[in-house]
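Hi,

Here's the structure I promised to pass on. Have a look, and my notes follow below.

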Amino acid sequence: MFGYKRISYCFRLVFIITLLLLSFSGCSKIDGENVKSIPALDTSIADFIIEKPLPSPTIEPKHEEFDNPKPIEKNQLTLLAVGDNLIHIQIINSGKNKDGSYNYDHLFSNLKADIEAADISIINQETILGGNDFAYSGYPLFNSPMEIGDAIVRAGFDVVLHATNHAMDKGYVAIQNTLEYWKAHPTITVLGLNESEAAQETIAVIEKNGIKVAMLNYTYSLNGLSLPSDMPYLINLLDKSKITEDIAKAKELADFVIVFPHWGTEYEYKQDSSQKAWTAFFAEQGVDLVIGTHPHVLEPVEWVVSESGHRMLVYYSLGNYVSYQKEAPRMLGGIATVTLDKDSTGVHISEAHITPIVTHYENQPNYRYGVYKLADYTPAQALAHGVLQLEENSLFTLDGTWALARQILGVWIDE
């Protein structure tokens with residue numbers, strides 16, 4: 001009995017082992033599909049798998065900021081600025097129609113596309129828009145038609161600077177007329193003139209594309225004329241105490257602060273000691289960009305760094321936008337273009353350029369006025385320029401104008 005059981009047991013054991021071997025070798029069918037035979041497993045590995053199954057894979061927690069970084073959100077704003085809109089009587093006459101009306105679109109038509117394309121475009125209105133309450137006049141005491149303002153609006157400008165040394169040329173009434181004119185154009189931000197003390201205390205801030213830009217405008221002089229004793233707020237003057245307060249307010253209200261000073265020495269191609277001193281002051285106060293006017297010629301562009309490490313860009317002078325001055329160098333001006341980027345680190349200047357422009361005029365009756373990018377100005381136009389007849393032994397040439405631009409601007413020149 002014992003032997004039979006032992007044989008039966010052995011037989012069963014052999015049979016089971018045979019089945020196990022068959023299950024791990026050869027070809028078999030699963031759901032009607034042939035599958036390749038699985039190699040016999042090493043016993044030690046088999047024991048491990050049977051007795052100690054592998055744990056499920058560990059899933060690490062996902063760190064979104066590293067595995068899928070979000071793109072830094074960036075807002076962008078473009079600025080464009082031009083220099084002195086210096087309206088001599090010849091320019092006034094160039095816009096007079098046969099019916100006695102005035103139109104000055106021709107002063108801006110060649111650059112209108114660029115002016116309109118910028119998010120914020122700025123012009124320095126050198127002369128007061130006193131209108132026909134006074135005789136229209138040029139140097140030395142200017143009064144310009146309000147139609148100059150109409151052309152500025154149609155050209156696409158957003159900001160008009162009025163703190164100039166000629167702002168008081170026709171007294172308080174002309175300033176009041178100018179302010180009343182601009183009230184009819186509420187889309188225009190007017191800087192430098194104020195109808196009240198409260199208005200002077202208000203910081204102009206323009207917000208575009210999620211970026212807030214504060215803008216301040218001051219003049220060094222009123223050409224010996226005085227503000228009304230009861231209206232010291234009428235025109236912004238370069239005064240350190242007041243400017244310190246204004247910049248502090250501007251920094252609280254805006255992401256970026258620009259100062260437009262009317263400063264410097266006329267007809268000098270380099271910044272003077274006063275400009276250097278004001279530049280150091282602006283940088284130390286935390287101003288981000290300075291765009292200067294008044295010298296009637298181009299001056300350099302440069303980055304400056306304050307003693308505290310603040311970095312600021314300065315355009316010392318953009319020269320004339322338009323004039324009837326009679327000297328070749330005063331025909332050369334510049335367009336400043338600046339791009340601001342706002343990201344998680346704040347607002348900074350990502351691009352800055354200056355493009356040379358030239359004022360063109362000829363002779364009576366309509367002077368054929370126009371302002372061109374120097375790159376678009378032709379030799380034929382240069383040969384017809386009125387300054388060749390007005391300036392004795394004039395050196396005005398297209399090549400000479402380019403040479404002067406390169407001399408003043410150096411690596412900054414945008415050709």
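Helices (H or I, at least four residues) and strands (E, at least two) are DSSP runs, numbered from the N terminus. It's a predicted model, so to speak for the ground rules: local features need pLDDT of at least 70, side-chain atom pairs count only at pLDDT 80 or more, and totals for chains, interfaces and linings use all residues. Residues are numbered from 1 along each chain as its sequence is written.

First, the cavity. A search of the whole structure turns up one cavity of 30 Å³ or more (on a 1 Å grid over the protein atoms alone, a set of points where a 1.4 Å probe fits but cannot get out; lining residues have an atom within 4 Å of a point). The largest cavity holds about 30 Å³ of space. β3 (75-85), β10 and β14 (332-343) each give at least two residues to its lining. Among the lining residues are Leu79, Ile122, Ile258, Ile291 and Thr337.

Then the sheet. It's open, with six strands in the order β7-β8-β9-β10-β12-β11 and mixed pairing (two strands pair if DSSP finds at least two bridges between them). β7 (204-208) and β11 (301-305) are the edge strands, each with a single partner, so one side of each has no neighbour in the sheet. β11 runs antiparallel to β12 (residues 311-315), joined by five bridges, and Glu302 sits opposite Val314 in β12.

Cheers

Terms used:
Side-chain values use heavy atoms; hydrogens and water are left out. On a 1 Å grid over the protein atoms alone, a cavity is a set of points where a 1.4 Å probe fits but cannot get out, and a pocket is an open set with protein on both sides within 12 Å along at least five of seven lines; lining residues have an atom within 4 Å of a point. Grid points are joined across faces, edges and corners, and a volume is the space filled by probe spheres set on the points.
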